[in-house]
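Reader: I'd like a close look at one part of this predicted model: the salt bridges and the helices around them. Could you walk me through it in one go?

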Amino acid sequence: MPESLSLPRVTASYLCAKKARGEKIAALTAYDYPMARLLDRASIDIALVGDSVGTNVLGYRSEQQVTIEDIVHHTRAVRRGVERAFVLADLPFLSYHSTEAALLSAGRLIQEGGADGVKLEGGTRVLPQTEAMVRAGIPVVGHLGFTPQSHGRDLYAFSGRRGTVARVQGRDAAEAKLLLAEARRLQDAGVFALVLEMVTEEAAQLVSQALEIPTIGIGAGRHCDGQVLIVHDLLGFSSVELRLAKVYARLGEEATKALSIYREEVAGGIFPGEENVFHMEPAAFAQLREQLAAEN
Ligand code: KIV
């Protein structure tokens, strides 16, 4: 058994205790069974079935195309691959526009998908939904800063700057204070952790120090209580390299190389080789040839 699997199963209270102990949380996206197994073996704390599945795996143009069916399907696969990590499933676009919708969608992710908790984007506008889910006993994670489901809309509202879409949040005092106020409201509504995406390091530090719950940053600097990355970025499957991510392996290049060699070997008759084939017993083959010869 890998060492990681002998560690206790990750829960919301375990993640909060990590913050209290000053230990960082490591989170990654996972969308399928094999990747979930690898994450678990590497003792990653949170396997996030993010709506980034849409652009990274399903070939969608945006996160807005991701449906609750997509997330349930991928959460099931991740659940089957994970024994230790906390399985966190994203509530996709339009699946939590009302309290009823949020409860229904979160219920599906927990009961059908096997998720341990759900994540939703937004601040004040999702407080009623958040409170209702928490009251129903569902562990909930918030998500502030850049919120891909609403593209520029939220950012526009958030920064209050007409005509501009500021991707990075918390760039001045007013933005940082607004972010902090939203973060506090979410904490009061009962979220047990908060994702901060594309936020200045200074603002993210302010929020992380002010909150009791852990913050998990992506493009939010070094002072968050944890980090999350899209696993495809980390493993080098993406065609673009983002400033917020670090490429730890170039598996995309390796895979392309391997696929091209395979094609060349098939074309050249090199694959399959002797080591890849199954033989008849020589005696059985001789008998077959004799029988065929007699029949002709
Ligand atoms: O969908 C996702 O992968 C996310 C992370 C970027 C935090 O929400």
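Author: Let's start with R9, which is partly exposed, its relative accessible area being 47%. Keep in mind that this is a predicted model. R9 has a salt-bridge partner in D116, and the closest N and O atoms of that pair are 3.5 Å apart. R9 sits in the segment before α1, while D116 belongs to the loop between α5 (99-111) and β4 (117-119), so the pair ties together parts that are 107 residues apart in sequence.

How accessible is D116, and does that make it buried or exposed? D116 has 19% relative accessibility, and the cut-off for buried is under 20%, so D116 counts as buried.

D116 also has a salt bridge with R79, at 3.2 Å from N to O. Here the loop between α5 and β4, where D116 lies, is tied to helix α4, which holds R79, so the link joins parts 37 residues apart in sequence. R79 is buried too, with a relative accessible area of 17%.

Next comes a pair from other loops. R84 and D45 form a salt bridge, with 3.3 Å between the closest N and O atoms. R84 is in the loop between α4 (68-81) and β3 (86-90), and D45 is in the loop between α2 (33-41) and β2 (46-49), so this pair ties together parts that are 39 residues apart in sequence. Both partners, R84 and D45, are buried.

There is also a network: salt bridges link E69, R76, R108 and E112. The total for the model comes to 14 salt bridges.

After α6 comes G137, which has a positive phi near 90 degrees.

E201, A203, A204, V207 and S208 are the buried ones. Why do they end up on the same side of α9? Because the arc they cover around the axis is only 165 degrees. E202 and Q209, on the other side of α9, are exposed. Among the elements that cover the buried residues of α9 are α1 (12-21), α8 (173-189), β6 (193-197) and β7 (215-218).

One last stop, away from the charged pairs: M280, F285, L288 and L292 make a nonpolar surface patch of about 350 Å². M280 is found in the loop between α11 (251-267) and α12 (282-295). With a relative accessible area of 46%, M280 is partly exposed. The patch rule asks for over 30% relative accessible area, so M280, at 46%, passes that cut-off.

Notes
Residues are numbered from 1 along each chain as its sequence is written. This is a predicted model: local features need pLDDT of at least 70, side-chain atom pairs count only at pLDDT 80 or more; totals for chains, interfaces and linings use all residues. Side-chain values use heavy atoms; hydrogens and water are left out. Patches are made of residues with over 30% relative accessible area and no salt bridge: like charges are joined within 9 Å, nonpolar side chains (Val, Leu, Ile, Met, Phe, Trp, Tyr) within 5 Å. Accessible areas come from the Shrake-Rupley method with a 1.4 Å probe; for residues, only the protein chains shown count as cover. A salt bridge is a side-chain nitrogen of Lys or Arg within 4 Å of a carboxyl oxygen of Asp or Glu. Helices (H or I, at least four residues) and strands (E, at least two) are DSSP runs, numbered from the N terminus. Buried means under 20% relative accessible area, exposed over 50%, partly exposed in between (1.4 Å probe, protein chains only). The arc is that of the directions from the helix axis to the C-beta atoms. Contact means heavy atoms within 4.5 Å.
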